[in-house]
Amino acid sequence: VTQPLKGKYGGAVIMDKAPMASTDFVAQSKGWNRLRAARATIVLGHCRFSTSGSPALNINNHPHFSDNGRYYVVHNGIVPQHEAIADEHCLKLRSQCDTEVLLRLIEAAPRPVDGLADCLRACGSVGGSMAVALLDAPHRTVWLCRDSDRPLWLCRLKDKRPWFFASTAEILMTGIEQTYGRDAGRRIEMILPLASGQPHALTPGGLLIAPFAAPVHYRKLEE
């Protein structure tokens with residue numbers, strides 16, 4: 001998601017996906033390379049093994065997104081019997097990817113937080129698993145939600161206090177160290193696992209909100 005030089009609103013969503021290795025994607029994707037010249041405020045990237053449907057059909061790849069451009073979702077995990085879930089909730093699927101049913105559940109809900117709660121229940125009912133990042137583009141908000149079977153970690157830096165998230169703390173630390181070198185540890189304000197079973201929101205102002213959660217106890221990284 002980009003932001004104009006003047007003002008906080010009026011930016012655009014730059015989206016691209018392709019059935020290729022992440023290293024090739026970074027080198028070849030026109031959408032990804034547009035970010036080099038853009039003032040990006042939110043970036044979602046995800047590399048996923050195929051769980052259902054052929055990745056050769058790009059419609060099966062991540063992110064899955066709404067026709068009206070509101071929601072973009074990436075998902076680590078698996079949703080067995082996703083077609084049965086779609087039938088149960090009268091949802092129309094266009095791809096063969098199991099993740100799409102999560103997008104359709106969210107679209108059918110009155111609010112993103114309700115849709116993510118529906119996703120948790122649906123995954124649990126079929127023995128599935130999920131760690132989801134959901135962009136609500138008009139509100140410039142990123143929703144994060146996971147169950148107990150999939151990890152999701154958050155990191156916040158001290159400087160302009162940006163948030164980063166990834167499947168593991170090790171992935172976060174590797175990325176930060178590659179960017180900042182030996183000074184990486186001193187730049188970190190906090191690193192913590194996302195609480196399971198509770199949708200969280202990262203707001204445009206940089207707040208982490210847990211709508212249904214008891215207070216989250218942050219664990220600061222020891223320097």
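Me: Is Arg104 buried or exposed?
Reply: Arg104 counts as buried, because its relative accessibility is 11%. Buried means under 20% relative accessible area, exposed over 50%, and partly exposed in between, with a 1.4 Å probe and protein chains only. This is a predicted model, where local features need pLDDT of at least 70, side-chain atom pairs count only at pLDDT 80 or more, and totals for chains, interfaces and linings use all residues. Residues are numbered from 1 along each chain as its sequence is written, and side-chain values use heavy atoms, with hydrogens and water left out.

Me: Where is the place of Arg104?
Reply: In helix 4, residues 100-108. Helices (H or I, at least four residues) and strands (E, at least two) are DSSP runs, numbered from the N terminus.

Me: Which side chain does a polar contact join to that of Arg104?
Reply: That of Glu100, at 2.8 Å. A polar contact is a pair of N or O atoms within 3.5 Å; within protein, one must be able to donate a hydrogen and the other to accept it, and residues adjacent in sequence count only if both atoms are side-chain atoms.

Me: And leaving aside neighbours within four places in sequence, what is Arg104 in contact with?
Reply: Phe65, Leu91, Lys92, Leu93 and Arg94. Contact means heavy atoms within 4.5 Å.

Me: Backbone next. Which residues does a cis peptide bond join?
Reply: His62 and Pro63, with omega about 0°. Pro63 lies in the loop between helix 2 (30-34) and strand 1 (64-65). Most peptide bonds are trans.

Me: What about phi at Gln81?
Reply: Gln81 has a positive phi of about 55°, and it is not a glycine. Gln81 sits in the loop between strand 2 (71-78) and helix 3 (82-88), and at 54% relative accessibility it counts as exposed.

Me: And Cys90, what is its phi?
Reply: Also positive, about 55°, although Cys90 is not a glycine. Cys90 is in the loop between helix 3 and helix 4, and counts as exposed at 73% relative accessibility. Most residues other than glycine have a negative phi.

Me: Zooming out, how many helices and strands does the chain have?
Reply: Seven helices and nine strands. The C-alpha atoms fill a box of roughly 50 × 40 × 35 Å, taken along the principal axes.

Me: How much of the chain is buried?
Reply: Buried residues make up 43% of the 223 residues.

Me: And how many contacts join residues at least 24 apart?
Reply: 58% of the contacts between residues at least 6 apart in sequence.
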